[in-house]
Protein chains: 2
Amino acid sequence: MRSWQRRLSAAGALVAAVLALGAAGPRSPAPLQFSPAGRFKVVLFADLHYGENAWTDWGPAQDAASDHVMAAVLDAENPDFVVYLGDLVTANNVPVANASLYWDRAVSAARRRGVPWSTVFGNHDDMPFEWPPEWFSPAGVPPVHCPPAAPGCSFRGTPRVELMADELSRGGGLSRSSVGPRELWPGVSNYVLQVLSRERPRDPALLMYFLDSGGGSYPEVISCAQAAWFHSQARFLNPDGSIPELVFWHIPSTAYVKVAPKATTEISKPCVGSLNEEDVAPQAAEWGMMDALAHRPSVKAIFVGHNHGLDWCCPYEKLWLCFARHTGHGGYGDWPRGARIVDISEEEEHFSVNSWIRMENGSTHSHVTLTSARFS
Amino acid sequence: MRSWQRRLSAAGALVAAVLALGAAGPRSPAPLQFSPAGRFKVVLFADLHYGENAWTDWGPAQDAASDHVMAAVLDAENPDFVVYLGDLVTANNVPVANASLYWDRAVSAARRRGVPWSTVFGNHDDMPFEWPPEWFSPAGVPPVHCPPAAPGCSFRGTPRVELMADELSRGGGLSRSSVGPRELWPGVSNYVLQVLSRERPRDPALLMYFLDSGGGSYPEVISCAQAAWFHSQARFLNPDGSIPELVFWHIPSTAYVKVAPKATTEISKPCVGSLNEEDVAPQAAEWGMMDALAHRPSVKAIFVGHNHGLDWCCPYEKLWLCFARHTGHGGYGDWPRGARIVDISEEEEHFSVNSWIRMENGSTHSHVTLTSARFS
């Protein structure tokens, strides 16, 4: 019995509570597991920015274009899992109470194919709704639907918890998202998912941590409380560091600034990528999360979105800091759209994480091996 | 029977609905009425900005100082009515769910003396709450009370409707505020109060219109719908314009910019005032409200707050545009605090509106007669 199993047996109630973090939704979803070929392939959809300018032609047109990007990537890659890496919607451009509908459209790409997914919040996801100036003109405020729970229909946007609750209720058991521990609020998308081993189906062979990096209705930051939560989760689920770990959130931490390739230069080794077109726009502060990660050799990589003009991976301490690729036709920037793929292999005790970028036109580039190591 | 009474008799249900606008609260309040001496004196408290920096010494100290200003003015003037002219609180500096408590502290100055009052919203009243950076540090988020109706305690500030509902529930029958017609939302503080004649106790001798000039959770504007609402109210309640009318809201309309005394010069006639220390910060657009008012000779004056460094009255068309006086020790500016007084006389068919500014130290200045006319 491995140490992880021993701890599971020893701490019944607590374990149930911890596992529940990965079992959100109206019914208990099937566990995530490496394929018979020992693979687990994850597609990252970042910065879709659905719902911009619904009252014009170009808003709905770019949403349709975003649908197309995701369809092309999913058709080409046939992944086991999708991570929606924040800014699914541009809530501050959505007129009243429609953020959940646009959010649902974003995740429907995975749902329609029966692919399980999870989401983290970006800074645009729970911003206040748009107030079109026309609503104060003779045109007036159109009839709007006020959710029953919203006192006075304050038009302040859809709170994170409500967005997530809607996702879970419509997810058909495929959403693996969670509102996370209440003590970490206002950060909501904080949870751990485990991917079970092909060879030892009761043991996790990969842990995926999802964190809410803030923004929108509160500052862009990962709190000290979140860092402490990560610490305790990791210590409990993976005390000896034998299980490799990947981490996902939306806004790059300040550590990304340190490792970024120099602007206007080609991306050169050890970094790998194709876009380095802007400065890293980091979180407002660093409250210990990076320190917690950098000191765990089992943590292999962090994946973020947020910067549409960056798609590189660079090493930092013993892990990799990666940007995803701007997937949506919403949001700033005209760089061709695509998605980062993370392909994890569990073969005969040999664990590797390979990554590349799949473009809407079918091409791939920026292949990189993020880790290749034996675990005993 | 005056025309107003005829229309009252003719339109039972509608009248009841209209009168209800001025009869908000858990129980029907006593009607407002001119005194036996034919006077109705209103004190305007503007820009109190309660609740700033509660975690320091200076925040609570300045709130106590604001208490003192109001007490001094009320003791000196003994008014019949108090108008709280917006920015009662600085909600964007209040940490979580306390805006109603600070709002209540503001109106308690009138309530404790048994003086009826009403409130309009300023741009700072329903801003999102403060997120102190310390909450993301090891100090963490303190235990906070989430209102039962708030899904996930989103910390987005207290919505206008909730602030107003709290005021009415705690008002002890003295609050004459109202959440206004729902079709005017997001603007909430839209309602009419009538002050009954001393001589003909069933007839109003003064109408006071209160409007929400926006800001905070939506743009700083009076909508076309509000202007149309004013129009229909005025036409119904005062079809022949025989009843004088006063108007109150928070943010100056763009018309204030037109009549403002030139900066850095002394305030000279026809304007009257003592402070002209900054530019008018007007609403974002003009959607017909000023046009509606300027074409009604019965409208005598508009009173606004918002600009702490302005306290003048200037004529515009056939009415007066007046600033109140910065009352609170919260908010920007170090000009001595005070309050504008509006003293209305109904004497033998002779109606007059006089105004002056009462300072915290007991002095008065800037006396001006805003109207003096006979109505038949």
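What rotation, and what shift along its axis, superposes chain B on chain A? A rotation of 180 degrees with 0.0 Å of shift along its axis does so, at an RMSD of 0.0 Å, where copies are superposed by least squares on the C-alpha atoms of residues with pLDDT of at least 70 in both. The two copies are thus related as by a two-fold rotation axis.

This is a predicted model, in which local features need pLDDT of at least 70 and side-chain atom pairs count only at pLDDT 80 or more, while totals for chains, interfaces and linings use all residues. Residues are numbered from 1 along each chain as its sequence is written, chains are lettered from A and ligands numbered from 1 in the order in which they are written, and side-chain values use heavy atoms, with hydrogens and water left out.

**The interface**

- Chain B and chain A each bring 31 residues to the contact, contact meaning heavy atoms within 4.5 Å.
- Of the interface residues of chain B, 100% are also interface residues in chain A, so the copies meet through the same surface.
- Between them the chains bury about 2,500 Å², with 69% of it on carbon and sulfur atoms; buried area is the accessible area (1.4 Å probe) that two parts lose on being put together, summed over both.

**Pairs that link separate parts**

- Over all chains the count comes to 28 salt bridges, and one of the pairs joins A:D67 to A:R105, with the closest N and O atoms 2.5 Å apart.
- Because A:D67 lies in helix 3 (residues 58-77) of chain A and A:R105 in helix 4 (residues 99-112) of chain A, this pair ties together parts that are 38 residues apart in sequence; helices (H or I, at least four residues) and strands (E, at least two) are DSSP runs, numbered from the N terminus.

**Backbone features**

- Most residues other than glycine have a negative phi, and most peptide bonds are trans.
- The peptide bond from A:K269 to A:P270 is cis, with omega near 10 degrees, and A:P270 is placed in the loop between helix 7 (254-259) and strand 9 (285-286) of chain A.
- In chain B, a cis peptide bond joins B:K269 and B:P270, with omega about 10 degrees.
- A:S366, found in strand 15 (residues 364-374) of chain A, has a positive phi near 60 degrees although the residue is other than glycine.

Methods: A salt bridge is a side-chain nitrogen of Lys or Arg within 4 Å of a carboxyl oxygen of Asp or Glu.
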